[in-house]
Amino acid sequence: MTRNHWFARTARGRGWTPITWQGWALAVALVLVPLAFAGLLGAAPGVLGAAAYGATSAFALCALLLVGFVKGPAPQWRLAGQDD
């Protein structure tokens, strides 16, 4: 069974980089969803607004990590010049 990867391992370190339009769309959504939510909270500044923004950002990041584990190769620490 072949896997359709949306992400590839980075050249150095640990992590993924988008390689398909689905991966790039998810990465852009990670930025846009919290910003859009912050725009909706513009009328409610303060501690409650900051907590809601932080929770939304954390949820978006967890969703990205979950999809990364499902649609990307297994994470592995890589040094410069190291092949798969």
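Predicted model: local features only at pLDDT ≥ 70, side-chain atom pairs only at ≥ 80, totals over all residues.
How many Å should the 25 residues of helix 2 span, and how far apart are its end C-alpha atoms? I began my notes there. Helix 2 covers residues 47–71.

**Entry: the whole chain**

I stepped back to list the elements. I found 2 helices and 2 strands in the protein. From the N terminus on, I read them as β-β-α-α. The protein has 84 residues, and 19% of them count as buried. I also looked up how far along the chain the contacts reach. I took the contacts between residues at least 6 apart in sequence, and 54% of these join residues at least 24 apart.

**Entry: the buried side of helix 2**

Which residues of helix 2 are buried? I noted Gly49, Thr56, Ala60, Leu64 and Gly68.

**Entry: helix 1 against helix 2**

Two packed helices are described by the angle between their axes and the distance between the axes. I looked up both for this pair. Helix 1 and helix 2 pack at an angle of about 165 degrees. Their axes are 9 Å apart. An angle over 145 degrees counts as roughly antiparallel, and helix 1 and helix 2 are therefore roughly antiparallel to each other. I noted their crossing as right-handed.

Then I listed the residues that meet. Helix 1 brings Leu26, Leu30, Val33, Pro34, Leu35, Phe37 and Ala38. Helix 2 brings Ala52, Tyr53, Thr56, Ser57, Ala60, Leu61, Leu64 and Val67. I sorted the residues of this contact into 13 nonpolar, 2 polar and no charged.

**Entry: Pro34**

Pro34 is in helix 1. Is Pro34 buried or exposed? Its relative accessibility is 4%, so I count Pro34 as buried, the limit being under 20%. I set aside residues up to four places away in sequence and looked up what Pro34 touches. The list is Ala29, Tyr53, Thr56, Ser57 and Ala60.

Ala55 lies 21 residues from Pro34 in sequence and 9.1 Å from it in space. Ala58 lies 24 residues from Pro34 in sequence, and the distance in space is 9.1 Å. Ala55 is in helix 2. With a relative accessible area of 47%, Ala55 is partly exposed.

I moved on along the chain. Lys71 is in helix 2. At 26% relative accessibility, I count Lys71 as partly exposed. Which separation did I find between the C-alpha atoms of Lys71 and Asn4? They are 67 residues apart along the chain, yet 6.8 Å separates them.

Pro75 sits in the segment after helix 2. Its relative accessibility is 26%, so Pro75 counts as partly exposed. Pro75 and Gly15 are 60 residues apart in sequence. Their C-alpha atoms are 6.4 Å apart in space. I left aside neighbours within four places in sequence and found Pro75 in contact with Arg14, Trp16 and Phe69.

Methods
Residues numbered from 1 in each chain as written. Heavy atoms only, no water. Helix = DSSP H or I, 4+ residues; strand = E, 2+ residues; numbered from the N terminus. Expected span 1.5 Å × (residues − 1). Buried < 20%, exposed > 50% of the residue type's maximum accessible area, 1.4 Å probe, protein only. Axes fitted to C-alpha atoms, helices over the stretch in contact; angles between N-to-C directions. Parallel < 35°, antiparallel > 145°, perpendicular 65-115°, else oblique. Left-handed = near helix turned anticlockwise from the far one by under 90°. Contact = heavy atoms within 4.5 Å. Nonpolar A, V, L, I, M, F, W, Y, C, P; charged D, E, K, R; others polar.
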